[in-house]
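Welcome, and please take a moment to turn the model around before reading on.

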Amino acid sequence: MIQIKDLHKSYKMGKNSLHVLKGINFNVEEGELVAIMGSSGSGKSTLLNILGMLDSSDSGEYILDNVPIKDLNETKAARYRNKFLGFVFQSFNLINYKSAAENVALPLYYQKVPRKERQEKALKYLEQVGLKEWAGHLPSELSGGQKQRVAIARALAAEPKVLLADEPTGALDSKTSYEVMDLIQKINDAGNTILIVTHEPDIADMCKRIVHLKDGVIIEDKKIEQVRAEQYV
Amino acid sequence: MFNRDRWKEILEVLSSNVFRTLATSFGVGWGIFILIILLAAGKGMENGIRADFGDIATNTMFMWSRNTTISYKGLPKGRRFSFKLEDVQAINDKVSNLRFISPRNQLGGFGGGNNVVRGLKTGAFNVYGDYPEIIRQEPMTITSGRFVNQNDIEDKRKIAVIGDGVKNELYDQGETVIGTYIKIQGVNFMVVGTYQKKDSGGGEEGQKEIYVPFTAFSQAFNMGNDVGWMAITANDGSSISELKEKIVGVVKENRKIHPDDKRAVGYFDLYEQFNRVESLFGALRWVAYFVGVLVLLSGIIGVSNIMLIVIKERTKEIGIRRALGEAPWSIKKQILMESIFLTIISGMIGIIFGAAFIYGVNAVLDSIGPVDMFINPSVSLGVVVSALFILIFSGLLAGFIPAQSAIKIRPIEALRTE
C-alpha cells in the first residue's frame, strides 16, 4: 500500500540546515496497523506529514497505492489527500461552527458527492463510531473522546486507502484513549490500513507493528502481538 | 455559485460575528449612500438649471449693432449704424440651416420711463416689434385672444399682445382686455391677446412686455427699414455656434463694415452658454462619481481588512479543509464570494437608504415650494445598475488580497498553530 525509499527531508533554519529524515525505507501492506514511535525531534511527525502530502520530501520515493506521489501542486495534493487519505489529529481539528454530521460530511463535499448521499453517509459513519444521536451537536457540545470519534468518522467518510493518525490519544485520558484505540482496532479489523504516530508505549502496543524512529532513521521495525483495547474499556 | 452549502457557509461565517459584519458593511453602504446622494444632488441641480432655460430655443443667437471701430470704404470709424430688413433677407439667402431669423425692434427697456397709457393708468413696459416666429424662440402661453400673425405683419395692423403683468397694471380686476385700446407712445394699439411666460429667470419683467407686429411698429415709431436686433435660431441638426461667424460676415458686408471689425456687431450665443452649462453638468457628475468612489474605496478597504482578519482567525479551519482535500481555488472562491456578498448586501442597503433619503428630500422640497436651481433630485435606474457593477467589482477587489493570502496558507502550518 505504501512504499517509501530513501526518503530525506531537511529544514532550513537560517544558515543551518536541519536534517530531519535521513533516508527512511519502509513499506506498509494493506490492512496493517502501524505505530510510528519516537521521541520528539525524531522526525515522526515530519514523516507523517510527508505521508499525508502536507509536506514534501527533498529526495526519495513515495508510492501510495501504486501512485507515485511527486511534483504535487496544491490542487493535486488536495485531490490526492481527499481520495487516498484520512486524517486524525491530536487536537481533533473539527470545524467548530459545523455540527458533527456536517464535519463528517465535509470530505464528501469536496468529492462532490450529492447532498443527500452525503448526509446518509455521514450518519452511517457516525453510527459506526457510536455517535449517531449526537449528529446535530456542535463540537463544543461534545467531550474529548466524542470529538475524536467524530474526527475518526470524518476520516473514514471519504473511504480512504490509508488512515493517518497523529497522536490520536494525545489529548485524552487513558480510559478514553482506550475507547478510541478500540475503535481504531475495529476499523483496522474491517481491513483498513492505519498509521498511528504516538509516543505512548501502551498505545503502540495496541498496534500490529511498531516502527521506531530516532534522529531521522528507523532504528527498529518489528511486528508485535496486538493488545486488544477492548479489555480495558 | 448557487451551491446551497457554499451559501450556508457564507451566512454562517458572516453571522458568526454580527457586530463586526455590520460595522464592516456600514463602510460600503455609506460609500454607496454618498455616491447616490451626490449623483442625485447633481441631477437636482441639472434639473433646476434646465428648467431655468425652460422651453427657450437654445440653439439661438442674438445679434445687435454697435458703433464701428475701423474706418472702411470711406466711412469713418465710430459710425452708428442699424441693421436693415435687407440684412434679414441676405442672411436668409446666404446662410443655410437656419430655422428662424426674427428681426426685432424695441421701445422702453430697463429703467425706462412710462411709455404706455390707458385711460388714467400709465406704465413703463418693454414694447417689441416682432414677427410671429418669435413665439417659437421665446415660448409663451397665450392666455386669451391670439398672438401676432402673418396678416398683422402684411397689413401693418396696430394690434398688441400684452403680458399678464401689463394687464394687472393697466386694467382692473375682471375687466375685459381683448378689444380695448392702449396708447403706446401716443399711438393707439388694440389689444388682441394676453400671454404668460414661464418664469425663466427674468421674473416679473418677463410678464411686462407688449408684442406688436414688426411692420406696424416700424411705421408707428418711424423706424423705417431699421432692425434693432435679431434672434436667429439654427435647425436642430446644426449648431448656431458654427454658423454665427457666417451670419455676422453677411451683415458686415451689407452694412459696409470692415471684416476685421470685431466690435461693430455684438452677439450673444445662447447655445454656447447652454453647452457650457451642459459641460458643467458633466463635470458635476464626474465629481460625484469621483468623490463617491473614493468614499466607497475606504469602505472596500475596510471589507478587505476584515476579510484578512477573518482569514487569520480561520487559518486553522482552512488548514483542516485543505487537509481534508479542499482545492485551493475552492477556498479562494469561498473568500471572494463572501466578500462580494458582503459588499453587495451592504451596498444595496446603502442604495435603499440613499433612495429613501432622496425621497425625503423631494417630499420636503414639495412641501416648502420651489427652490432656486434645484428641482427633483433623483437617480436613474442606470445609476443604480452602474453602482451595482461598482459593488461587484469592489467586492472582487476587496476579496482578492485576502483570498490570495488564504490559499497561501499551507495546511501543515495552519495545523501546527495550536
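Lys98(A), Glu102(A), Lys8(B), Glu9(B), Glu12(B), Arg314(B), Glu317(B), Arg321(B), Glu326(B) and Glu338(B) are linked in a network of salt bridges. A salt bridge here is a side-chain nitrogen of Lys or Arg within 4 Å of a carboxyl oxygen of Asp or Glu. Side chains of opposite charge can pair when their charged atoms come close. Before going further, note that this is a predicted model, in which local features need pLDDT of at least 70 and side-chain atom pairs count only at pLDDT 80 or more, while totals for chains, interfaces and linings use all residues. Residues are numbered from 1 along each chain as its sequence is written, chains are lettered from A and ligands numbered from 1 in the order in which they are written, and side-chain values use heavy atoms, with hydrogens and water left out.

Lys98(A) and Glu9(B) form a salt bridge whose closest N and O atoms are 3.1 Å apart. Lys98(A) lies in the loop between strand S6 (85–88) and H3 of chain A, while Glu9(B) lies in helix H1 of chain B, so the pair joins two chains. Helices (H or I, at least four residues) and strands (E, at least two) are DSSP runs, numbered from the N terminus. Both Lys98(A) and Glu9(B) are buried, where buried means under 20% relative accessible area, exposed over 50%, and partly exposed in between (1.4 Å probe, protein chains only).

How many salt bridges does the rule find across the interface of chain B and chain A? The number is 4. There are also 10 residue pairs in polar contact between chain B and chain A, with both residues at pLDDT 80 or more. A polar contact is a pair of N or O atoms within 3.5 Å; within protein, one must be able to donate a hydrogen and the other to accept it, and residues adjacent in sequence count only if both atoms are side-chain atoms. On the side of chain B that touches chain A, the elements giving two or more residues are helix H1 (4–16), helix H10 (315–324), helix H11 (328–368) and helix H13 (411–416) of chain B. By class, that side has 10 nonpolar, 2 polar and 14 charged residues; Ala, Val, Leu, Ile, Met, Phe, Trp, Tyr, Cys and Pro count as nonpolar, Asp, Glu, Lys and Arg as charged, and the others, Gly among them, as polar.

The contact (heavy atoms within 4.5 Å) takes 26 residues from chain B and 24 residues from chain A. Together the two chains bury about 2,300 Å², 52% of it on carbon and sulfur atoms. That buried area is the accessible area (1.4 Å probe) that two parts lose on being put together, summed over both.

Now follow H1(B) itself. Its buried residues are Asp5(B), Arg6(B), Glu9(B), Ile10(B), Glu12(B), Val13(B) and Leu14(B). In chain A, these residues pack against helix H3 (100–110) and helix H4 (115–128). In chain B, their partners are helix H2 (18–53), helix H9 (270–313), H10 and H11.

Next comes Arg314(B), in the loop between H9 and H10 of chain B. Arg314(B) is buried, with a relative accessible area of 9%. Leaving aside neighbours within four places in sequence, Arg314(B) is in contact with Tyr97(A), Glu9(B), Val13(B), Arg321(B) and Glu338(B). In helix H10 of chain B you will find Lys316(B), which is partly exposed at a relative accessible area of 25%. The side chain of Lys316(B) makes a polar contact with that of Asn93(A) (3.2 Å).

Lys223(A) forms a salt bridge with Glu32(A), with the closest N and O atoms 4.0 Å apart. This pair links distant parts of the chain, 191 residues apart. Lys223(A) is exposed, with a relative accessible area of 66%, whereas Glu32(A) counts as buried at 10%. Glu179(A) forms a salt bridge with Lys175(A) at 3.0 Å between the closest N and O atoms. Because these two are 4 residues apart in helix H6 (residues 174–189) of chain A, they are separated by about one helical turn.
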